[in-house]
Amino acid sequence: MLPTNFDTLASDNSDLRPVIARLKEWVERHADWSVLDPRILSKDLRDVDPFLLTVVLRGLVRIGLYRRVYMVETPSGVLADGEYDDPREIPDRVPDRAYHYFNPTETDVVPVYKPVR
Amino acid sequence: MEAQIDAAGADRTKLKLQIYTELQRKGLTEEAETLMTFDAVVRASMNKQPNITYNFHNSPIAMANFGTQIGNISASLTAVGSNDQRSKDFSNALKQLTEAVVNSAELTEQQKKEALDALSFVGKQAEEPPEKRQTGVLKPVLEAIPKVLSAGSALVTLWHTFGPHIMTFFGF
């Protein structure tokens with residue numbers, strides 16, 4: 001369940017309120033998702049400025065609501081299972097979901113945001 | 001560094017990690033984190049979107065309930081493409097079945113999820129080269145799809161029309 005109590009962030013950053021409201025609306029429609037994936041948010045919230053979306057996501061970490069972990073995109077575009085606190089910890093070869101190993105620098109390393117438990 | 005950024009292209013991930021490391025080394029942790037997220041957001045917005053338009057009766061509800069499966073199927077349709085007749089028939093079949101499952105008034109939400117999970121798996125297998133496909137799993141999944149769809153008579157008819165294109169694509 002993704003938390004949506006973004007009020008602290010909104011009250012501290014009045015300029016970001018429209019973006020926070022758009023993100024909150026998105027999260028409420030995807031409450032059963034386990035993570036916020038910036039790639040998906042970017043595609044779904046096309047009208048939101050990419051930098052402001054980034055600032056809001058970082059803000060969710062700052063207020064302690066979400067934490068950021070790194071995951072690796074597989075060649076087919078889905079995220080592999082492994083999670084890393086630091087992208088420098090990612091091994092040179094990682095398995096996709098079918099256990100085929102690939103080099104993560106040939107695809108992408110993606111920060112995703114998970115609720116703080 | 002600026003010259004490297006200009007020349008990024010396919011090495012973008014490698015370069016991004018180098019910059020991240022450099023920023024961390026200088027104690028600029030938040031800047032490093034912002035860079036990584038900003039790049040993910042920008043890269044996704046720059047990527048060519050799949051030219052796939054579904055005809056869902058209620059698109060917001062469909063995406064809210066089955067967004068993951070629909071997203072995976074869309075990615076597979078894009079990857080498979082339509083360069084030859086076999087791929088074109090397969091892509092059309094997968095898209096038609098996905099639409100029909102989501103729009104079905106006869107299937108329960110759970111049955112829809114099961115059917116879309118199966119179609120999503122079929123899509124992912126189609127992305128793989130033939131020698132890497134999990135044929136031992138794929139065949140039973142394909143055989144199970146008409147059973148999952150049997151709760152909806154229109155879907156069974158649709159499977160009879162489009163199922164053969166899917167089977168043909170995989171060489172079954």
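Me: How many salt bridges are counted between chain B and chain A?
Reply: In this predicted model, the count between the two chains is four salt bridges.

Me: Why is the pair B:Lys16 and A:Asp108 called a salt bridge?
Reply: The criterion asks for a side-chain nitrogen of Lys or Arg within 4 Å of a carboxyl oxygen of Asp or Glu. The side chains of B:Lys16 and A:Asp108 meet at 2.8 Å, N to O, which is within 4 Å, and therefore the pair is called a salt bridge.

Me: Which helices supply the side of chain B that touches chain A?
Reply: In chain B, α2 (12–25), α3 (29–46), α4 (59–80) and α6 (109–127) each supply at least two residues of that side. The largest share, 13 residues, comes from α3(B).

Me: What makes up the side of chain B that touches chain A, in nonpolar, polar and charged residues?
Reply: Its residues divide into 10 nonpolar, nine polar and 10 charged.

Me: How many residues of each chain are in contact?
Reply: On chain B there are 29, and they are in contact with 30 residues of chain A.

Me: What area do chain B and chain A bury between them?
Reply: The two chains bury about 2600 Å², a value that is summed over both. Carbon and sulfur atoms account for 58% of this area.

Me: How do you know what confidence the predictor has in chain A?
Reply: On the scale from 0 to 100, chain A averages a pLDDT of 91, and 100% of the residues score at least 70.

Note on methods: Residues are numbered from 1 along each chain as its sequence is written. Chains are lettered from A and ligands numbered from 1 in the order in which they are written. This is a predicted model: local features need pLDDT of at least 70, side-chain atom pairs count only at pLDDT 80 or more; totals for chains, interfaces and linings use all residues. Side-chain values use heavy atoms; hydrogens and water are left out. Contact means heavy atoms within 4.5 Å. Buried area is the accessible area (1.4 Å probe) that two parts lose on being put together, summed over both. Helices (H or I, at least four residues) and strands (E, at least two) are DSSP runs, numbered from the N terminus. Ala, Val, Leu, Ile, Met, Phe, Trp, Tyr, Cys and Pro count as nonpolar, Asp, Glu, Lys and Arg as charged, and the others, Gly among them, as polar.
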